[in-house]
Amino acid sequence: MPIPARRNRFTTWRPLATAAMTAALTAGFLTPAVADTTTTPRKSEPIYSYGNAIREAVWVDTGLDGDSDGRTDRVAVDIVRPSEPDRRGSKIPVIMDASPYYSCCGRGNEGQRKTYDANGNVVQMPLFYDNYFVPRGYAFVAVDLAGTNRSDGCVDVGGRSDIQSAKAVVDWLGGRGEAYTTRTGSTKAKAGWTNGRTGMIGKSYDGTIAGGVAATGVEGLETIVPIGAISSWYDYYFAKGAPLYNSGPDWLSDYVESPDARTKCATVQQELVDGAPRTGDWTSLWTERDYVKDVRKIDASVFVIHGQQDLNVRPKHFGQWWDTLAKHGVERKIWLSQVGHVDPFDFRRAEWVDTLHRWFDHELLGYDNGIDDEPMADIERHPDQWETAKVWPPRGTKATTLRPAKGSEPGVGTLGLRGRTGTETFTDNPALSETDWAAYVDKSTPDKAGFATGPLTEQLRLSGSSKVTVTATPTTSTAHLSAVLVDLGPDTIRDYATAGEGITTLTERTCWGPSTTGDSSCFRETAAKTADVDYTIVSRGWADLGNHSSDTGAPLAPGNPYTITLDLHATDHVVPKGHRLALIIAGTDNGLLDPPSTTPTLTIDLKRTSAQVPLVGGATAFTKATAGRPAKTPDASVLDGVRDPSKAARIPGSSS
C-alpha cells in the first residue's frame, strides 16, 4: 500500500526536476549512453564536483531580538553547494540541518564540529550529508541556532527563538526573508541559486527543530527526517509530573550557548527557570514547546527514525507524534530499531544512505522512484535482522485490556483478560531499577508487584503505545509510580545499556562521497553490540501520583486511593511462543526517574488496575496465545538482563 499522501508530491512540479537534469546531461556530466531526457530520472547521480563546490556563509535575520541588544538577531548559515548549476543558472533544492551543537558538542558518532578557513567559510561540515548529496545536485545548509556558535540571540530550548532560527532560513531560501553577507554588515545576500524546496534532517535536538519548524506550516519545507527527536519538551523533562532529570531546560541552554550569548541571555535563562518549575506542573512554557498540538499545520512529509530502547529521547516522543500524524493524514514513513539514542548511519549504514537518497530524490527532486509505494515501516526484530510492514501499526491492531490478579505469593501474580479483586503492596526503593524488578519478577520482593502470563502457545505482537491505569493508596504525601512491560524468555538483543547504546565502533572506515583536505567523507564502521538475556524490557512509563487529576500536582492524603494512567512508550515487539508477557508496577525507576521526597508504601487495588496494550489481533490473539496446554511456568529464579540503565543523559543528541 502506498504511503498516504496529502497531495500529489510529484506530478505538480516534475517539469522543473526534468529540466534541471536535462541541463546537466547536455552539459556533459553524464555519458551520452546514459542520457535519456524523455523520461524522468529515478536516481540522482554524483555528476558535480565536490572539490569545486561553493562554500559560503550568510547571516539570516530572524526578526527577533532575543538577547535584547537593540538589534534583531542574525543566525549563521553555512552553505555547501555545487558550482556547476550556479554557472548555468539552474536552481537546486536544499537539505538542511539546524543544530545547537556545531561548536559546543559535535555531531555524529565521532563528535565532528564545524571548522572554517581564513575567510570564515566552512571547511569541515559535520556528517556525510554534504559529501554525498552535493555531488548529486543538492545544497547542504547547516544552521547555527540562535545563541550558538556564530549566531546572535539566545537558546530557548525548543521555544520561539529556536524554531524561528530555522524557519527564518527556510523563508529566506524561499525568497521571503533577509540575509546578509556578514554578521553585522548591511550587504544583503540572496538565495537565487535554490528552487526554494527544502528538506530538514537531524538527530535529537536537530530533529526536534525540524519537527517544530514543520509544525509552523512554513512554505517550502517539503519533508523532514527527525531521528530520535523530541515531540514535546515537557515529555523530555517530566512524565506526568514525575521528574526525569535533576535539572531543567535552563541547564541545557547554558550548556550549548556561545560565550557571547551567556553574557547577554540572563533574562532568557531566568524565564526558563521560572517557566519550568521542578514540580512538574504544566505551564505556558511547555505549551509553546509542544509540537504535537500543531501537527494539523504540517504540509511536509515525515520520515521518522527512533530507537525503541532510547532512554534519552524516549519512544513516547515518536509514538504520540506518529499517532497524530496519522490522524491528520500526513505522508509518513518510519524505521524502528533495537538501539538506544543512535543515528541509523551507525546501525544500518548502507541501507540508510540508499533509503535517504531515494527519499530526498522523491521529495525534493520529484523523481518517481517508487519509494512511496514501498512498505511504510522497517522494524529491527533481532540485531541486524529487519522486517517490513505495509502500514504501522498493522491493521488489526487493537488496544486490549489486560488485568492483573493475585498469585500464590505476595507480589507475584498473573496477567489475563479477566479482572480479579484483591490488593498488592510494595514500598518504593529508589536504589532499584526496572532491571532489578524484572530479574526478580518470579520472586516475592518488597519493592514491586509483578504479573505474568503463562508461557505462550502462540506469539503475541505489541505494536504502538500502551497505557497502564493504576489505583493506589499511598502512606505518604508524595509518590512516584513506574509501569514496565517485559518479555520473559531468552533472547539475544542489542545491548542498549552500554555506552554505545547497542553499537560498537570499529577502526575500519567506509567513505560516502568525495572528500577534501579538510572534510573527509570516511567514517568509522560499527557493529551490533549484543547481550544474551533472560528477559527484555518492552516498554516503560512513569508518573507522579499527585498528578492524578490534572497537569498540576497536589499533595496526597495518606490512606486515600488515587487513580492515575501512565503513558508507556511506543514499541513494536514480538513476544515469541514459549515466552511470557509481564507487567511490573513499582515506584522509582532508578537511573530513569527521580525519587519523590518521601518513601511511600503503596497498596494497589487490582480490580481498578489494568493495562491497555496494542496487540495485533486484539483480545482474540491474546486468548489464542494463552489457551491450550502451555508449558509449565519456569521455577522461580533470578533472571539475567542488560545492566542497570545509567543515569539518563540531560543533553539530547550531543556527543559529549
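## Basis of the description

The model is predicted, so local features need pLDDT of at least 70 and side-chain atom pairs count only at pLDDT 80 or more, while totals for chains, interfaces and linings use all residues. Residues are numbered from 1 along each chain as its sequence is written, and side-chain values use heavy atoms, with hydrogens and water left out.

## The sheet and its strands

Helices (H or I, at least four residues) and strands (E, at least two) are DSSP runs numbered from the N terminus, and two strands pair if DSSP finds at least two bridges between them. In an open sheet with mixed pairing, 12 strands follow the order β6-β5-β1-β2-β4-β3-β7-β8-β11-β12-β13-β14. Because β6 (188–189) and β14 (385–389) stand at the edges with a single partner strand each, one side of each has no neighbour in the sheet.

Strand β2 (residues 74–81) pairs with β1 (residues 54–61) in the antiparallel sense over eight bridges, where Trp59 stands opposite Ala76. Strand β2 also runs antiparallel to β4 (residues 139–144), to which four bridges join it, and Val77 has Val143 as its bridge partner there. In a regular strand the side chains alternate between the two faces of the sheet. In β2, Arg74, Ala76, Asp78 and Val80 point one way and Val75, Val77, Ile79 and Arg81 the other, all of them buried, where buried means under 20% relative accessible area, exposed over 50% and partly exposed in between (1.4 Å probe, protein chains only).

Strands β3 (residues 92–99) and β7 (residues 194–203) pair in the parallel sense over four bridges, with Ile92 opposite Thr194. Helix α5 (residues 205–214) packs on the sheet and touches β3, β7 and β8 (221–227), its direction making about 135 degrees with that of β7; axes are lines fitted to C-alpha atoms, for helices over the stretch in contact, and angles run from 0 to 180 degrees between N-to-C directions.

Helix α4 (residues 160–173) is largely enclosed by the rest of the structure, because 12 of its 14 residues are buried, including Ile163, Val169 and Trp172. After α4 comes Gly175, whose phi is positive, near 80 degrees.

## Around Cys522

Cys522 lies in strand β23 (residues 522–528). Although Cys522 and Arg509 are 13 residues apart in sequence, their C-alpha atoms are 5.7 Å apart in space. Leaving aside neighbours within four places in sequence, Cys522 is in contact with Arg509, Thr510, Cys511 and Ser515, contact meaning heavy atoms within 4.5 Å.
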